[in-house]
Amino acid sequence: MKKSFVTGSIKAIAAVAALTLLASCSSSSDSAAKVKACLALDTGGVDDKSFNASAWAGAQAAEAAGAEVKYLAATSDADYAPNIKKLVDEGCNIVIGVGFLINGAIVEAAKANPDTKFAIVDQDGKDHGPAGDQYPGAVIDNLQGIEFATNQAAFQAGYLAAGYSKTGKVATYGGLNIPPVSIFMDGFARGVAYYNTVKGKKVVVLGWDVAKKDGTFVGGFSDQAKALQISKNFEQQGADVIFPVAGGLGAATANQSMTGGKSVTIWVDSDGFVQAPQFASVLLTSVVKGVGTSVTAAIQSVIDGTFSATNYLGTLENQGTFLAPYHDLESTVDAALAAEVEQLGADITSGKVAVS
Amino acid sequence: MNKVSKLTPIQKRRQRGAFSLLFLSFASLIGFGILQKNTAPVTYKFVLEKEWIAINEWTLDSRTGSYGFSCAALIFAIWAIFQFRRNKKIQLQSALGGFAILMAFLCWAASGKMIPFTGLLQGALLLSVPLIFGAMAGVLCERSGVINIAIEGQLLAGAFAAGVVASLTQNTTWGLIVAPLAGALISLILAVFAIKFSIDQVILGFVINVLVIGMTNFLYKKLLIPYQNTWNSGPILSPIEIPILSKIPLLGPIFFNQTIIVYLMYLIVAVIHLSLFKTRWGLRTRAVGEHPTAADSVGIKVNNLRFRNVIFAGLVAGLGGAYFTVGAVGAFGKEMTAGKGFIALAALIFGRWSPLGAVMAALLFGFADNLQGILSITGTPIPSEFMLMAPYIATIIAVTGFVGRVRAPAADGIPYNRGGSH
């Protein structure tokens, strides 16, 4: 009696297991034809209206080209490696890490899973050794780095700001003095300097010293009160175009532009007109980093079978970085200046003008 | 004066203060004066807008300025030493000396540049606003014997509530009304667990901070970002110009052309300071903070009073939190208090648990913070990473040089159980 009950249950379990196995086999064979592209996001989450959101939008754009897309968001730094493993185990053809914090985990996963393709946004995708100090790093065959020459668009923004300024003073500040931030500030300052050379003017850049590679920083990306005070200080020093490179802290500057009425703001990373429409009346333009475009391109290369470990570099030419439209402030930008900025973009692409 | 006898603590403090000043003056004379190679002039701009008399600009040769101010500081330091030997207060001399050293530093650091002096002070006040509110909340709690590590959480809760409510109603007044209540709610958690259940107050406060950060981050992600237009686009308070006072040169634009939150801050500081030292409530509060058993024996309900004061503290800190949103940028941002609650706590200790002392400490911190910002704009010989440490360095110098050993209220952090071992 007892024995037959046990065998009975074992049979039942076996039957269920077999069914499940069958079901899972059939479902995976369905999608085998499609390229499965998966994003491993950082802690910002998919709705951060910034980096992660752009990457996800780029992945969704690739859906039209016939990719199956999904993402996993991390709740803490400890989630990166497990999330990537989960995605690899699920049979993703390409796993894209979003954000430089996730870099270490992606590099390890790429080495451990040579059959899966990987990409990492905002990093060079090389193995720099256990201490991360070997430059240039070793190429990993199944890992593509995605980088952006944002200084190209920032250079244009600097030229525009210099031409737009009535007071002859423009300003920029950053969250922290780290390369992904300072590249914008440096491009901006050099753009202003280029304007001065071309036009024989003396527009001053506050907040970034090209020679010293140092300038004004908030010391983080969350202190809105400090960012607001820095913006006020810039206005008091006479700056009438301010370019904050501090993620969400740009809102503090745009606020000061609105309440003080003495300056306009240049948004960073994404088109501020779309992302922060409440500031539309003071946003001159935005220096956009095309995270979405780059992610779409990476997925497309897997679909086409052209994926390689050669890095993707977002430039003005491939729309990986660009200056957003002037939107509401279009009428205040001199047509000749707008044309010059446009031409400057072409000159940067052709190599006629060096941005660094 | 008996030279052989030991110095009293207060004399020791004066001695330390006077000699620190002397040392710093010498350092300033050598560092900013003698080693100074730059002679480009420094321009101080004193005018902001709309004052009666515009002391517009004042230009000074940088090396001469450094020498002059350093020498002035030396004179003040020597004066302070004389005062100490005559067993008199040295506050005035310290303040003047500190100011002179600061001016010498500015002459050195901003050589060839312009310093917007009025803007510098106005920004300093604004950066200290949340610190002052936080420190006042600390005074209320700790003077009655409850450690309040949760100031950060109270500020953040206030900022969140004010931002969201002001956005939903499109009315800053509602934001200002709700913010203190949010702070008080956080205080209620602190009060119940610390006073009723005698939980370790440091751990409790820390946990409350983590809770508030987690809650606000969660709501920010799930509510404020997807529904930004309704939930997170609050209006901002506009400054109120006080008729005659706002026209006073230098002081007017700094103190009397501010938002209602800043005026409320003046009021709260004054009320807390006076009540703590001049009223029955204040005497009782200090008594339960120093010696609850004695207070109990004369019929003061120790835990009731503590409970009430902790809730008051929440109201004050919550209102301070409103500064971050309706007082400054309108919209709420993730963890936007950025550790200000902990700096407020430091200001409280550095100010020796006295309301006015804490205000001074908070102002010093805000000043160093804004000075750093302005100097980084004009460009200085000091790297920006180092400049960002300025507020903390200023605090360390002030604490070690001038404040010396501080003593917390004797029963701070010790739960009171009637009849229990204490």
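The following chat walks through a predicted model of two chains, A and B.

User: Let's start with domains; how is chain A divided?

Analyst: Chain A is split into domain 1, covering 33–148 + 290–320, and domain 2, covering 150–289 + 326–350. The C-alpha centres of domain 1 of chain A and domain 2 of chain A are 29 Å apart. Their contact draws twelve residues from domain 1 of chain A and 13 residues from domain 2 of chain A. On the side of domain 1 of chain A that touches domain 2 of chain A, the residues comprise four nonpolar, five polar and three charged.

User: What is the strand order in the open sheet of chain A?

Analyst: The open sheet has six strands in the order 2-1-3-4-7-15, and the pairing is parallel. Strand 2 (67–72) and strand 15 (312–314) of chain A are the edge strands, each of them pairing on one side only. From one strand to the next, the twist averages 20 degrees.

User: How many bridges join strand 4 and strand 7 of chain A?

Analyst: Strand 4 (residues 117–121) and strand 7 (residues 143–148) of chain A are joined in the parallel sense over four bridges. If you want a place to look in the structure, A:Val121 stands opposite A:Ile146, which belongs to strand 7 of chain A.

User: And which strands does helix 3 of chain A touch?

Analyst: Helix 3 (residues 80–89) of chain A packs on the sheet and touches strand 1 (35–40), strand 2 and strand 3 (94–97) of chain A, with its direction at about 170 degrees to that of strand 1 of chain A. Helix 4 (residues 103–112) of chain A lies across strand 3, strand 4 and strand 7 of chain A, and runs at about 165 degrees to strand 4 of chain A.

User: Switching topic: how many residues of chain A are in contact with chain B?

Analyst: On the chain A side there are 31 residues, and they are in contact with 31 residues of chain B. Strand 11 (214–215), helix 7 and helix 8 (250–260) of chain A each contribute at least two residues to the side of chain A that touches chain B. Helix 7 of chain A gives the most to that side, with nine residues. By class, the residues of the side of chain A that touches chain B are eight nonpolar, 17 polar and six charged.

User: So how do helix 7 of chain A and helix 4 of chain B cross?

Analyst: The axes of helix 7 (residues 224–236) of chain A and helix 4 (residues 117–143) of chain B come within 11 Å and cross at roughly 170 degrees. Since angles over 145 degrees count as roughly antiparallel, the two helices are therefore roughly antiparallel to each other.

User: Which residues make that contact?

Analyst: From helix 7 of chain A come A:Ala225, A:Gln229, A:Lys232, A:Asn233 and A:Gln236, while helix 4 of chain B supplies B:Gly119, B:Gly123, B:Leu126, B:Leu127 and B:Pro130. The classes in this contact are four nonpolar, five polar and one charged.

User: Last one, what are the overall dimensions of chain B?

Analyst: The C-alpha trace of chain B spans about 65 × 65 × 40 Å along its principal axes. Chain B contains 17 helices and five strands. Its domain assignment gives domain 1 (9–112) and domain 2 (120–358), and the C-alpha centres of these two domains of chain B lie 34 Å apart.

Note on methods: Residues are numbered from 1 along each chain as its sequence is written. Chains are lettered from A and ligands numbered from 1 in the order in which they are written. This is a predicted model: local features need pLDDT of at least 70, side-chain atom pairs count only at pLDDT 80 or more; totals for chains, interfaces and linings use all residues. Two strands pair if DSSP finds at least two bridges between them. Axes are lines fitted to C-alpha atoms, for helices over the stretch in contact, and angles run from 0 to 180 degrees between N-to-C directions. Two residues are in contact if their C-beta atoms, placed from the backbone, lie within 7 Å. Angles under 35 degrees count as roughly parallel, over 145 as roughly antiparallel, 65 to 115 as roughly perpendicular and the rest as oblique. Ala, Val, Leu, Ile, Met, Phe, Trp, Tyr, Cys and Pro count as nonpolar, Asp, Glu, Lys and Arg as charged, and the others, Gly among them, as polar. Domain bounds come from an automatic or database domain assignment.
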